[in-house]
Amino acid sequence: MGNLVAKSPCKGLLPLSVGAMSASEVETGAMTMLSPRKGQDGALDEAMRAVHGLGYPAPSGVESAGEARAIWFGHSSVLLVGAEPGQRLEEHGVLVDQSDAWAVVRLDGPGAEDVLARLVPVDVRLCAFPVGSTARSKIGHMSGSVTRVGEASFWLMVFRSMAETLVHDLKSAMEAVAARG
Amino acid sequence: MRIEGKGLIARDHRVSFTFDGVRYSGFQGDTLASALLANGVRLVARSFKYHRPRGILTAGSEEPNALVTIGTGGRQDPNVRATVQELYDGLEARSQNRWPSLNHDLLSVNDLAAPFFGAGFYYKTFMWPRAFWEKLYEPMIRKAAGLGALSGEDNADRYERAFAFCDLLVIGAGPAGLMAALVAGRAGADVILADEDARIGGRLLAETYEIDGKPGHVWAEEVLAELRAMDNVRLMTRTTVAGAYDHGTFAALERVSHHRADRGAGAPLECFWRIVARRSVLAAGALERPVAFRDNDRPGIMTAGAVRAYLNRWGVAPGKAVTVFGNNDDAHRTARDLMAAGVHVAGLIDSRHDAPEVQGVHMIRGGQVCGSTGRRSLEAITVRRAGGEERIQTDCLAMSGGWNPSVHLTCHMNGRPAWRRDIASFVPVAGAIPGLRAAGACNGAFSTAGCLREGAAAAVEALEDLGLKASEPTLPAADDTPYALEPLWAVPGKGRAWLDFQNDVTVKDVKQAAVENFRSVEHMKRYTTQGMATDQGKNSNVAALAVLADATGRGIPETGTTTFRPPYSPIAIAALGAGAEGKGFQPQRFTTSHAATVARGAPLIEAGLWYRPSYFPKPGETDWRQSCDREVGYVRNAVGVADVSTLGKIDIQGADAAKLLDFVYTNMFSTLKVGRVRYGLMLREDGHVMDDGTTARLGEDHYVMTTTTAAAGEVMKHLEFATQGLHPEWDVSLCSVTEHWAQFAVAGPKAREVLNGLLDTPLDPQDWPFMSCGAVSVLGVAGRLFRISFSGEEGYEIAVPARYGASLFDILVKRAEGLGGGPYGMEALNVLRIEKGFITHSEIHGRTTAYDIGMGGMVSARKDCIGKTMSQRPGLEEPGRECLVGLKPVGPDGRLLAGAHLYRKEAEAKRTNDQGYVTSVCHSPTLGHMIGLAFLADGPERHGEIVKMVDGLRGVTTLCEVVNPVFFDADGGRMRG
């Protein structure tokens, strides 16, 4: 009968290099959407600190500890990335497995901000969007999530089904930036 | 004609170009206009309406005459202003609006007929017969009166859109803008300095002003070098800020590659920017206005400032014997600069009797130029003075009626400029654009020192707003001579004195408008078309309204201006829509089985943004029906596999999850047992059906709802509204899990056989009755199984995390094929559901109620739900409504068509006899004839009746029998197994 073979969202699409910029797929490990149960925001925050060493992030913020990141994901939503959620979290929050729902692409390089300026309508200058900032925003025509993970490095997340469009849009923008020299 | 030693062009870099096929040469740093003038080309265009010969009027983006077409084929770019187009080697430009040639334009007969073509001519003439306007007159007029054209081929150029953010946006890089950027840059603000020119400096490049004892352009270079060294300052050249909008947002067009022969090797032609600035300084300068006099549009007549620009920046003398005509001191500079460069000045005419004397030139004070002669280019002018008229031989006239501050952007949010009598100009009103300050010439400060002062002051004020420490800079020394003029708009006299060069509007036209009672400036504009060309009246606006003010006996401030709207200068639609063509039009969503589907040659259909297989063709099949019938057969007789991952899946958890479901569905979900699935119907607030689907109860407080593919987003929004807006007190969380799970329908008598062997625990029918659900282990992977059916057969939907989707699809298909089945597409899926009378959005199309689709009983009487009250409105439940029925043709070969209407058998097929309409049809391979779903007045009571289906569009009439919409296995025995 054989086994089920896993395939990542961007398999065959990435990595990609244009000029000094590169885009690569991030193997994030587990991704879990956390939503605090009614009135349990503080308790969920405490449980997260106790179990994962990171708190519930403020709006547009990211908390991180080692490989684990908690990325603010909108109203009552935080995406815990890179760690299997501890049992304790379930007492105070609703946990939904999202490990296969999102394509996560890392954009690196000196022109990364310029590339995003062509895709994302939010201010991603380092002064306004320092490392550890995140935004739910449009990426091209797609709803996505943009997180700054380094001075010239970003995570871009869109629904898995749109990975090809993300790579298409990203490649076009990277080429346009590179052509400017 | 070039003047040795003058100009800021690269003399060692010669470039070659053509105009109307004739080869010329110029230098790097030239514009097409400066190069044409240097080559003695004066006739460059034909005017819009009368096809009059026209030359270059200005040296900037306001140019109304010198519009040319650059390039050919897919890259043909019409209506390019020669004054903006930078010269490059190999540039090919062509004149427009002429036939057969610029020199011999047949439609110049229009000019002879001009007495008939005045303001309002079209409105008065082409009224009858009415139908002729659209079919004959308008196309004819459009053809005769024209600009350049596109090639009709796909645009081969690339465009882009981008966003930028800054503390301070400085618009314009002349002395005021440079000073503002310098002050703000030194204070550490994040600055964007944008200028429409390729070179920084603005008017400093065109004049002989000195700043701090240095030529103005040298000072500008020094400032530029300092700005370049600051990493908090971003220079955007060739970038026209074209519009001002709410919240400090500006639109700007960057011309990225228009100046390059290779068009930038992958770089876009243009970039449309949206710049969001916390504060802004408008330093857009001023535009010189012409003076209206008889035949003031002859090639060789230019604005005085443009003549200086060609002389000082490009080293070009636009004539051998130049005359200057003005009403202000500024015009005198033209005469002085020309003489200093050794160009003969044949006369300086100043309309003021008390104008200051200029030495070394034949000066006529208190004189007015009242006419010009020359065939296709200026040969002489006539000057009227106290002592009579004087004719002066001249091949170039530099005219100046004063300067208009470029207030345009300050009016984009409905601000109106204020009139300043001392400079006879409109100036911006402070606060017209929140956060924007005008400085320099655009604010009415016309001296260099004034510009520097205002630029610095505006920056200091903006920095204070931004909370940055601003230090008052030491201003460089510069000329501070006041600007002196006496208004002169139009020289009286016979003949046509042109105001709007681009739309061929004369002083007489404006006066005629006033006579015909189009006295409001907005009415005059529309009646005469003054200011309605692509230059938006930049060259003519103030003069035209001054003429109107005079004709109506009002003052200029009372007359007011027309409304300046974005864009400041023309923007290609291609730039606005950049990136939205081809794959950029909208995202594509692919299922995990997409590659396998494509590999099997399945044609794809779009469902929302998703791509789904229509059918999977087999060798030898020549028609989609053959494939579809075969796939239906798989499901009815063996087993079929379909990817149903595109259906929306919403995870709903929390203590109040059941309450939410009872609230949004018409039927009860709080009573559903754990491990069971129920079909649900959802209404919009207005009582009509919104969506349907199944919801499974996975745990006490845990449900997963499915939606239709098309309505997934809408339902999610609906649930968010219900939980955030209507019942924020409920403890319930929503999360889309559509993308996390790959889900496949496995349906048919052998469905269980396909699954057993994949599941780590084989299915026991006792444990898995119809409408059950639960966790399963699929080849060692944690998955979910739902026993539901959209085909009427024993059916399951099996879900695994999406990373395994492609793999599971392959395995399922292989197993199904081993059992005489295989994959099925949307066509077969549709046939299967029509045979069962199951609805889709063809039936719940937004105008049908639960009652109409035969599900009135599903609206629970024991509870409230969204839409319930409104669904009970009078008219929504009464007899006579069109309700769901099945249709089958009376003859076995009868055709049914979706979209056709239903009538009584004997009735005429007309609107008043309409009884309903057909929503879904298919050929049923199971039954051997066509079947359809339809809405028919009182339908459920009319089973057995023969009605007439008429498709007026396709000309098909079929007699049909009204039947139960469930055509196959009416008691559901097959799917319950």
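Q: In what order do the three strands of the open sheet in chain B lie?
A: In this predicted model, local features need pLDDT of at least 70, side-chain atom pairs count only at pLDDT 80 or more, and totals for chains, interfaces and linings use all residues. Residues are numbered from 1 along each chain as its sequence is written, while chains are lettered from A and ligands numbered from 1 in the order in which they are written. Strands are DSSP runs (E, at least two residues) and helices are DSSP runs too (H or I, at least four), both numbered from the N terminus, and two strands pair if DSSP finds at least two bridges between them. With antiparallel pairing, the three strands of this open sheet in chain B follow the order 21-22-23.

Q: Which strands of chain B are the edge strands of this sheet?
A: The twist from one strand to the next averages 25°, where axes are lines fitted to C-alpha atoms, for helices over the stretch in contact, and angles run from 0 to 180 degrees between N-to-C directions. An edge strand pairs on one side only, which in chain B holds for strand 21 (368–373) and strand 23 (388–393).

Q: Which residue in strand 23 of chain B is the bridge partner of Thr382(B)?
A: Strand 22 (residues 380–385) of chain B runs antiparallel to strand 23 of chain B, and six bridges join them. In strand 23, the bridge partner of Thr382(B) is Arg391(B).

Q: Which element of chain B gives the most residues to the side that touches chain A?
A: Counting two residues as in contact if their C-beta atoms, placed from the backbone, lie within 7 Å, the contact takes 44 residues from chain B and 42 residues from chain A. Elements of chain B that each supply at least two residues include strand 34 (648–653), strand 42 (795–801) and helix 20 (805–818). The most, six residues, come from strand 8 of chain B.
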